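Visitor: I'd like a close look at one part of this protein: its aromatic rings. Could you walk me through them slowly?

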Amino acid sequence: MADATASFKDVPELFEVELGEALTARTESLSTFRELGPPDLCHIVKSTGRTGQRDIGSYHFVSGVDASSSASLAAYINSLTYSIEDNSAWFSKSTAWKVRNGCYCCFNAFSRVDIRVDVKIPGGVVAYVVDLRGERHEATPEIWQETYLSALLRAILYSDDPTYWLEAYRKLDPITTIEGELRFLQAAEALFMKGWQVGSDPEIQVATVVSNHLTAGVMKYFSSSGRCQPAANLFEKLAAREPEIASLLARSYIGMNEEVKAVQIMSAAMKHTPHSYTLLHVQSDFLRSKGRSDWALKLAKEAVNCAPSEFVTWEKLTELYIDTKDYESALLTLNSCPMFTFNGRDAHRALVPAKVHLPFQRQIGDILPEKTKSEDDVADPALLRLPAPGLRGTWARAYSLLTRLVSDIGWDELLKTRSVVFVMEEEYRMQKAQADIQKVATSHSAQDVNENVAVIHEDGSVTAGNATLADDDASTRGMSSPLSESESKPEFENGLNVSAIPIIRVSSESDTEREIAESIRNGIAEQDEQSMTLEKPVQAAAGEEPEPSQVSNSYQEAFSFTNKRLCERWLDNLFMVLYEDLRVWTIFRAEVAHFKTQHVAYRKTGIEWEILGDLGMRLHHKEEAKEAYQRCLDTSRYSQKPWAKLLEMYADEGDITRTIQAAIRVAAYQYADYTEMTYPTLIARCFFKLGQIHGHAKISFTLLSMGLPDPILKIMDSYLQYGKTFKVEGYDF
């Protein structure tokens, strides 16, 4: 076990149980890295130089280090030698630990290899490549260029991803100078046509030359600061070789407010690549921003025809149907979205460390609550069990569309729309029951068979009503059509069997909730969101084998109740997820209303306020969500999320003072977690958004007037210094 003197002063570390196990685990995991790869791994071996004293190994993860050569990576390892704790004194019995050697590992996402630099102190530097089989090769200049760009893209895209978290992960600034930015652009240009090799966002099924992590990284880096000119220059050169890149060029010009030029580029590009869905989407977005959703809708339909297997084309069409208030078409289009298995960011294999060393910067961390578990980290199980926060990829995006629908038309109207466009399970069962009755009747008196009764089968064939019926399954079997006039019909309302609808009321086992429900029934508290009963969605008719998407269109038409469709099982599940969200939100708002009328303080723990804030944001209740996040700040919970959410809200509102106050806390949390970078980050984006309106000088004066401690003031000023260096809009006023 390592003692305290073996630790770095300001660098996080995970100490190994067996020397070199982190390197072995990384080598074994190389074949599992699918896309950009995980952050770089820096492995260090420390020694006292004494005989009988065992060397110790430690490692940490890092992004933002210049990976253009073995010298730059060796320089990072060398810098760590100055960070080791030096607690030894002339009277001390202990011998100081020193860095003996180090190994820096950086994944090349283009060639799917790991480049490694071994540094011996004192001694030499050796660079080599490890392939997916663990074999060594020589590092060529081409490999180094690919590795450099891979490392930059990880630093940019992982910079503020809240879903990607690693212990002992240090984030440094990837680009700090104009020269560094030019090198980034040169590398991006050289490797642009190979960009599809590094993969794409989980919502994109097939990575292309314009939809991949490289284009996403370039657009994020330049658009986050509103500096789209360098990106436009890059795409201008590339568009001459590949016409489809015109979609990125047009997007850049729109970002520069050069709309006329953007329209000219789109018009010319459509003649060369009329079937590019990315180009159609840029035009559609532009028209939508100008309030012409009806025109944008036509382009979105064409994009679906051009790329029917891509989720984003159906997503865009659904959004535009919602814009144009065609909610039935929106629901049908959402049901048609192709869903993909979610593959998260590449990550290292987790090892159990012998010891974890996470040094805390006291000067910055003093403004944060204690990082210890408290009662504010305990939440009601009903809140913790909400399924929506666990949705990822296409499922999260589809759910967002569903919440937008319910926000526009309300839950009751959404259920009605659902029952109009989809076959409901209860409807099918009633039809099936009628078919069974008809079958029994015809078997008893063959001579009285009603020749008008027919059964429509999966393959579209029609047989007489006395034909043998197969096992019933809502999405794959036929149903009797039509019903005889004399037969009794169930009572339906909006396509649902009224007697079969389960009603779940807000009140539950808890006395408080029963009391609230009773109070509201008596008119004491007014519910301004929804009624106190929330109708639970009944199951839509859908089958397991084959999947509804595999059923032929001709069969669906024949199977329909006035051309109703089969609801995909995943969408049916999302309705239940939405119901759970709405049920909890309704209870919460009813409690708030009740406590207000009783003039009693309404209390929740810190994590409960945070969960309710997230819930409000999901359901598009921004003001109530904002209030919940603000209430979370009054607790002792150690969490960056409420501050980060409020930071974005205050920046959108143009509130300089509150934005800076929130930014200070977010910066403190980030530095406490070793995010020592300025850009691209959430704080930088919010500052630059304010800077476009008020100018950077006003932000600077506001910071100075707050009387902040020097370490914090220096961090906050670094964002404005970036703006000055790269001439972000607002830097000069």
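Which residue lies over the face of Trp295, and at what distance from the ring centre?

Guide: Happy to, and keep in mind that this is a predicted model. The residue over the face of Trp295 is Arg292, at 3.9 Å from the ring centre. There's another case of this kind with a lysine: Lys46 lies over the face of Phe8, at 3.9 Å from the ring centre.

Now for rings that pair with other rings. Counting ring centres that lie within 6.5 Å, you get 23 aromatic pairs. Take Tyr164 and Tyr169: their ring centres are 6.5 Å apart and their planes meet at 85°, so this pair is edge-to-face, since the angle is over 60 degrees. As for where they sit, Tyr164 is buried and Tyr169 is buried too.

Next, have a look at Trp411 and Tyr579. This aromatic pair is tilted, with 6.3 Å from centre to centre and 35° between the planes. Trp411 belongs to helix H16 (residues 411-421) and Tyr579 to helix H20 (residues 569-597), so the pair ties together parts that are 168 residues apart in sequence. Both Trp411 and Tyr579 are buried.

Rings can also join up in a group. Here, ring pairs link Phe184, Tyr221, Phe222, Tyr679, Phe688, Tyr722 and Phe726 into a cluster.

Key. Residues numbered from 1 in each chain as written. Predicted model: local features only at pLDDT ≥ 70, side-chain atom pairs only at ≥ 80, totals over all residues. Heavy atoms only, no water. Phe/Tyr/Trp six-rings, centres within 6.5 Å; stacked < 30°, edge-to-face > 60°. Buried < 20%, exposed > 50% of the residue type's maximum accessible area, 1.4 Å probe, protein only. Helix = DSSP H or I, 4+ residues; strand = E, 2+ residues; numbered from the N terminus. Lys NZ or Arg CZ within 6 Å of the ring centre and 35° of its normal.
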